[in-house]
Amino acid sequence: MPLVVPGITTSGGKKDEWLNKLVGKKISESLSNETCFAKKDLPESHRIIRPGDFKTMDHRPERLNIHVDENDNVRDVNYG
């Protein structure tokens with residue numbers, strides 16, 4: 001049985017949706033195609049995290065964290 005905490009929601013379905021849209025692509029300022037995804041099409045609350053980046057530890061359930069590799073290709077996403 002999953003842990004249920006009032007005020008904390010899970011975003012499993014949304015995560016999978018964003019993962020399918022973004023994995024393997026680069027984030028572009030305005031261009032969307034087979035290899036790039038435009039920043040303007042991301043949720044308002046998002047951040048791009050590169051290897052070695054410092055990040056705040058505040059938890060925001062609505063914020064999409066986009067993890068990219070050394071070549072700026074999206075490798076994973078999560079909420080928080």
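The protein has one helix and five strands, where helices (H or I, at least four residues) and strands (E, at least two) are DSSP runs numbered from the N terminus. Along the sequence, these elements follow the pattern α-β-β-β-β-β. This is a predicted model, in which local features need pLDDT of at least 70, side-chain atom pairs count only at pLDDT 80 or more, and totals for chains, interfaces and linings use all residues. Residues are numbered from 1 along each chain as its sequence is written, and side-chain values use heavy atoms, with hydrogens and water left out.

Let's begin with the overall numbers. Of the 80 residues in the protein, 30% are buried; buried means under 20% relative accessible area, exposed means over 50%, and partly exposed is in between (1.4 Å probe, protein chains only). The accessible surface comes to about 5,700 Å², with 54% of that belonging to carbon and sulfur atoms; these areas come from the Shrake-Rupley method with a 1.4 Å probe. Among contacts in the protein with a separation of 6 or more, 28% are between residues 24 or more positions apart, a contact being heavy atoms within 4.5 Å.

### The sheet

Three strands make up an open sheet in the order E3-E4-E5, with mixed pairing; two strands pair if DSSP finds at least two bridges between them. At the edges are strand E3 (46–49) and strand E5 (74–79), each of which pairs on one side only. From one strand to the next, the twist averages 20°, based on axes that are lines fitted to C-alpha atoms, with angles running from 0 to 180 degrees between N-to-C directions. In general, strands of a sheet pair through backbone hydrogen bonds, either parallel or antiparallel.

E3 and E4 run parallel and are joined by four bridges. Strand E4 (residues 64–68) and E5 run antiparallel, with five bridges between them. The table lists residues that stand opposite each other.

| Residue | Stands opposite |
|---|---|
| Ile49 | His67 in E4 |
| His67 | Asp76 in E5 |
| Asn65 | Asn78 in E5 |

Why is E4 largely enclosed by the rest of the structure? Four of its five residues are buried, so E4 is largely enclosed.

### The hairpin and strand E5

E4 and E5 form a hairpin with five residues between them. Asp72 sits in the loop between E4 and E5, and has a positive phi of about 65° although it is not a glycine. For context, most residues other than glycine have a negative phi. With a relative accessible area of 31%, Asp72 is partly exposed.

Further along, Arg75 lies in strand E5 and is partly exposed, with a relative accessible area of 49%. Setting aside residues up to four places away in sequence, Arg75 touches Leu19, Val23, Gly24, His67, Val68 and Asp69. Arg75 and Lys26 are 49 residues apart in sequence and 9.8 Å apart in space, C-alpha to C-alpha.

### The nonpolar core

Which residues belong to the largest nonpolar core? There are 12: Trp18, Leu22, Ile27, Phe37, Leu42, Ile48, Leu64, Ile66, Val68, Val74, Val77 and Tyr79. Helix H1 (12–22), E4 and E5 are the elements that give two or more residues to this core. A nonpolar core here is a set of buried Ala, Val, Leu, Ile, Met, Phe, Trp, Tyr and Cys residues joined through side-chain atoms within 4.5 Å. In soluble globular proteins, nonpolar side chains tend to be buried together.

Leu64 is one of the core residues. Not counting residues up to four places away in sequence, Leu64 touches Trp18, Leu22, Pro43, Ser45, His46, Arg47, Val77, Asn78 and Tyr79.

A search of the whole structure finds one aromatic pair. Trp18 and Phe37 form this pair, which is edge-to-face at 5.9 Å centre to centre, with 85° between the planes. Trp18 lies in helix H1 and Phe37 in strand E2 (residues 36–38), so the pair ties together parts that are 19 residues apart in sequence. Rings of Phe, Tyr and Trp (its six-membered ring) pair if their centres lie within 6.5 Å; planes under 30 degrees apart count as stacked, over 60 as edge-to-face and the rest as tilted. Both Trp18 and Phe37 are buried.
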